[in-house]
Amino acid sequence: MKVFVDTNVWLSGRFRPGLCAELLEALVESDTAILLDARVLDEFMRIARDKLKVDEPLLARTAAFFHQYAVQVPAAATPAAGVPDPDDAWIIAAALDAGADLFVTGDKALLELGAIEGLPIIAPRTAYERLRGLA
């Protein structure tokens with residue numbers, strides 16, 4: 001299975017204990033291909049450094065995690081249609097181009113879409129429950 005993880009889930013999962021951290025652990029344990037693109041990675045690093053004030057040693061450990069457990073897919077050439085936020089349209093397009101089976105996000109506007117071009121957009125809790133066989 002290929003799961004594209006949105007920035008908000010990465011941030012929560014790497015820097016806070018809780019569901020998103022457990023989800024990332026479950027994805028790693030299940031040998032799922034955890035996808036992201038350069039836009040997500042850049043946004044993650046910018047927010048971690050500038051807004052969350054994460055120190056450089058922790059950022060370096062996080063970069064090592066990405067290198068070991070995530071697959072960076074190519075950026076999309078065109079944004080996905082039907083996505084209201086232009087930034088999100090590029091990320092959804094990258095997930096579609098990579099053949100993702102799921103897109104996991106905490107973004108309410110994206111979750112309200114439910115799916116784009118057959119790509120289910122689901123919340124972290126839903127993804128976790130599916131991985132653990134609870135749903």
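Biologist: Quick one to start: is T62 buried or exposed?
Modeller: T62 is buried. Its relative accessible area is 0%. Keep in mind that this is a predicted model.

Biologist: What cut-off makes that count as buried?
Modeller: Buried means under 20% relative accessible area. T62 is at 0%, so it counts as buried.

Biologist: Where does T62 sit?
Modeller: In helix 4, which covers residues 56-69.

Biologist: And which residues does T62 touch?
Modeller: R14, F15 and F44. That leaves out residues up to four places away in sequence.

Biologist: Let's zoom out. How many helices and strands are there in the protein?
Modeller: Seven helices and six strands.

Biologist: In what order do the elements run?
Modeller: From the N terminus on, β-α-α-β-α-α-β-α-β-α-β-β-α.

Biologist: What about overall dimensions?
Modeller: The C-alpha trace spans about 40 × 35 × 25 Å along its principal axes. The radius of gyration is 14 Å. A compact globule of 135 residues would have a value near 14 Å, so the two agree.

Biologist: How much of the protein is buried?
Modeller: 41% of the 135 residues count as buried.

Biologist: Back inside. How many residues are in the largest nonpolar core?
Modeller: It has 47 residues. Those with the most contacts inside the core are F4, V5, W10, F66, I92 and F103.

Biologist: Pick V5. What does V5 touch?
Modeller: W10, L24, L27, I34, L35, V40 and V104. Again, residues up to four places away in sequence are not counted.

Biologist: What share of the contacts joins residues 24 or more positions apart?
Modeller: 62%, taken among contacts with a separation of 6 or more.

Biologist: New topic: helix 7. Which residues are buried there?
Modeller: P124, A127 and Y128, in a helix that runs over residues 124-131. They cover an arc of only 100° around the axis, which puts them on the same side of helix 7.

Biologist: Which residue follows helix 7?
Modeller: G133 follows helix 7. The phi of G133 is positive, near 70°.

Key. Residues are numbered from 1 along each chain as its sequence is written. This is a predicted model: local features need pLDDT of at least 70, side-chain atom pairs count only at pLDDT 80 or more; totals for chains, interfaces and linings use all residues. Side-chain values use heavy atoms; hydrogens and water are left out. Buried means under 20% relative accessible area, exposed over 50%, partly exposed in between (1.4 Å probe, protein chains only). Helices (H or I, at least four residues) and strands (E, at least two) are DSSP runs, numbered from the N terminus. The arc is that of the directions from the helix axis to the C-beta atoms. Contact means heavy atoms within 4.5 Å. A nonpolar core is a set of buried Ala, Val, Leu, Ile, Met, Phe, Trp, Tyr and Cys residues joined through side-chain atoms within 4.5 Å. The radius of gyration is taken over C-alpha atoms; the globule rule is 2.2 Å times the number of residues to the power 0.38.
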